[in-house]
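Please keep the sequence and the structure in view while working through the numbered points.

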Amino acid sequence: MSQPRTLQVSTPNDLEIVIVREFDAPRHLVFEALRTPELIRQWLLGPPGWTMPVCEFPQLAGQPYRYVWRNQQGTEMGMGGTVLEMVPPERIVTTERFDDAWYPGEAVDTMELVERGGQTTLTITVRYESKEARDVALRSGMETGMAAGYDRLDQLLIQMAAGKP
Amino acid sequence: MNVSLRRTPAPDRLDATFMALADPTRRAILARLARGEASVSELAEPFAMSQPAISKHLKVLERAGLVSRGRAAQRRPRRLEARPLAEANEWLERYRRIWEGNFQRLDALLAEMKAMDPHRTRPAR
């Protein structure tokens, strides 16, 4: 299996989940792709078959944003929050709350961009209000839980493979 | 910023698997069992923990279907059950593929944007 670029997922502490990915583009372009609604809806789509009929993202801090995804069966999934910081071209901070809350409270998403030689590293940090909230996310077997568990599980499976040929 | 799989039904057992994996001692127990079956006292040995404390962890792992008990009457060795882990890993892999899918779409978009970028400049050295 060849991955063009590696996606790193880790849990550096009790509250956070961190996703890191590098892009072959200068920082100001990645920044635009992260904050411009017409661009966001072209890539932030999730599983095959989902589209993003609602994508509202303000260009200034202090304003709300809203995303709604829809699949072919018509099932919708919405989330939104407030943009807390907008620092072109390096940093966006937002709150995050899903319509059907599956973890208590809000999470805070921090997106940071660092450019080196025309390559840009995107770091997304999702910070939950409490360890409890993050653990609910972990337990629910959802997106973040799966991400956080991935590296640990991978290690475990490697060990299993080594132990049981 | 996160696209979740929330609408995809998560079987209860998957929840149980992730809950069981959320604890470092339980992960260590599974790692130990990956090398071969072991009794409760053998499992308790490397940990600064009483056998009842280890038994509690084992109960969680058994409920998640990750560990089963052997028949040998006295020892009742525990062994690892690989299938729930494989199922959980499938979900994780799927999650990862989704983010990878998002980011690969973003790669393609950025390539287009780069080609059309009016402020195209060489990075300063």
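1. Confidence in chain A. The mean pLDDT of chain A is 79, and 75% of its residues reach 70 or more; pLDDT is the predictor's confidence in each residue, from 0 to 100. Within chain A, confidence is highest in β7(A), at a mean of 96, and lowest in helix α4 (residues 143-163) of chain A, at 45. Helices (H or I, at least four residues) and strands (E, at least two) are DSSP runs, numbered from the N terminus. Over residues 140-153 of chain A the pLDDT stays under 50, and the model has 52 contacts for this stretch beyond four places in sequence. Two residues are in contact if their C-beta atoms, placed from the backbone, lie within 7 Å.

2. Basis of the note. This is a predicted model, in which local features need pLDDT of at least 70 and side-chain atom pairs count only at pLDDT 80 or more, whereas totals for chains, interfaces and linings use all residues. Residues are numbered from 1 along each chain as its sequence is written, while chains are lettered from A and ligands numbered from 1 in the order in which they are written. For the complex, the predictor gives an ipTM of 0.73 and a pTM of 0.61.

3. Chain B in outline. Chain B contains five helices and two strands, arranged along the sequence as α-α-α-α-β-β-α. Of its 125 residues, 30% are buried; a residue is buried if 20 or more other C-beta atoms lie within 10 Å of its own, exposed if 12 or fewer, and partly exposed in between, with C-beta atoms placed from the backbone. Among the contacts in chain B with a separation of 6 or more, 54% join residues 24 or more positions apart.

4. Confidence in chain B. The average pLDDT of chain B is 77, and 74% of the residues score at least 70. Among its elements, helix α4 (residues 51-63) of chain B has the highest mean pLDDT (92) and helix α1 (residues 12-21) of chain B the lowest (75). For residues 1-10 of chain B the pLDDT is below 50, and this stretch has 29 contacts in the model beyond near neighbours in sequence.

5. Strand pairing in chain A. Two strands pair if DSSP finds at least two bridges between them. Strand β4 (residues 64-70) of chain A pairs with strand β5 (residues 76-87) of chain A in the antiparallel sense over seven bridges; Val68(A) has Gly78(A) in β5(A) as its bridge partner. The two strands form a hairpin with five residues between them, and Gly74(A) in the turn has a positive phi of about 90°.

6. Ile92(A) in β6(A) is the bridge partner of Met86(A). Pro89(A) lies in the loop between β5 and β6 of chain A, and the peptide bond from Pro88(A) to Pro89(A) is cis, with omega near -5°.

7. The nonpolar cores. A nonpolar core is a set of buried Ala, Val, Leu, Ile, Met, Phe, Trp, Tyr and Cys residues joined through C-beta atoms within 7 Å. The largest has 20 residues, and those with the most contacts inside it include Phe23(A), Val30(A), Leu106(B) and Leu110(B). Two or more residues each come from α1, α2 (37-43) and β7 (107-116) of chain A and from α5 (82-116) of chain B; α1(A) gives the most, with five residues. Another core, of 19 residues, lies apart from it and has Met19(B), Ala44(B), Ala64(B) and Leu66(B) among its members.

8. Arg127(A) is located in strand β8 (residues 119-128) of chain A. Leaving aside neighbours within four places in sequence, Arg127(A) is in contact with Leu15(A), Glu16(A), Ala107(A) and Val108(A).
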